[in-house]
Amino acid sequence: MANKQDFSAEEWAKIRESVMLASLAVTAADPSGLIGTVKEAFAGGGALASAKLDAGAIQLIKDVVADFETPEVRAALRDGLKDRFRGANHAEITKSSVEALADVSSILDAKAPGEAAAFKAWLYGISKKVAEAAKEGGFLGFGGVQVSDAEKATIDEVGRALKITA
C-alpha cells in the first residue's frame, strides 16, 4: 500500500496540487461567473470532505486529505497556484492544469501502481463534480446547460491525461 512517504517532496507536492488542478482545469474551461465559480469551488472542496469520511478511501487519498487539513499546506498550495498562473488566461490555465495532471498520472503509475487507478479515478470524479456544480450559459438562473461543451471537452482531456477511460 503506497503512502506519502513513497514519494519525493517534489512528487508529493505535485500529487497534492493535482486535487486543486482537477477542479481548476474545469472551472477555467468555461468560467461561470461569481455564483457559479463559488459553487464549483465548493464542489472541489466537497470532494475532499467526502474522501475524509470515506472509510474505504485508499491511503494516498487519506494522506492528501490530511495535508489539506493544515493551514500551512493550504496556504502553500494557494500561493503556488497564484504564482504558477499569474498573468495566464483561462485557456492557458486549463492547458497547464491538464498537463500537470498527466505528470501526476505518470508519477502514480511508476510509484504506486496498485493505487494509481483509484487515485486517478478520484481526481477524474472531482473534475466531473466541479463541471456539474453550476449551470453554464444561463441568465439569473434561467436557461443554460448543466455541463457546457467546453467543460465536457476538458473532462475528456483530464481523462486522457490521467490515462483512464470514462
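Tutor: Let us start with aromatic pairs: rings of Phe, Tyr and Trp (its six-membered ring) pair if their centres lie within 6.5 Å, and planes under 30 degrees apart count as stacked, over 60 as edge-to-face and the rest as tilted. By this rule the count here is two aromatic pairs. The model is predicted, so local features need pLDDT of at least 70 and side-chain atom pairs count only at pLDDT 80 or more, while totals for chains, interfaces and linings use all residues. Residues are numbered from 1 along each chain as its sequence is written, and side-chain values use heavy atoms, with hydrogens and water left out.

Student: Why is the pair of F7 and W12 called tilted?

Tutor: The centres of F7 and W12 lie 5.9 Å apart, and their planes make an angle of 35°. That angle belongs to neither the stacked nor the edge-to-face range, so the pair is tilted.

Student: What makes the pair of F119 and W122 edge-to-face?

Tutor: The planes of F119 and W122 are 65° apart, with 5.4 Å from centre to centre. An angle over 60 counts as edge-to-face, so the name applies. F119 and W122 are three residues apart in helix α6 (residues 113–132), which means about one helical turn separates them.

Student: How do you know that F119 and W122 are buried?

Tutor: Buried means under 20% relative accessible area, exposed over 50%, partly exposed in between (1.4 Å probe, protein chains only). F119 and W122 both count as buried, and F7 and W12 do as well.

Student: Why are α5 and α6 called roughly antiparallel?

Tutor: Axes are lines fitted to C-alpha atoms, for helices over the stretch in contact, and angles run from 0 to 180 degrees between N-to-C directions. Angles under 35 degrees count as roughly parallel, over 145 as roughly antiparallel, 65 to 115 as roughly perpendicular and the rest as oblique. The axes of helix α5 (residues 90–111) and α6 cross at roughly 155° and come within 7 Å. The two helices are therefore roughly antiparallel.

Student: What makes the buried residues of α7 line one face?

Tutor: The buried residues of α7 (residues 149–161) are E151, T154, I155, V158, G159 and A161. Seen down the axis of α7, they fall within an arc of 165° (taken from the directions from the helix axis to the C-beta atoms), so they line one face of the helix. On the other side of α7, D149 and R160 are exposed.

Notes
Helix = DSSP H or I, 4+ residues; strand = E, 2+ residues; numbered from the N terminus. Expected span 1.5 Å × (residues − 1).
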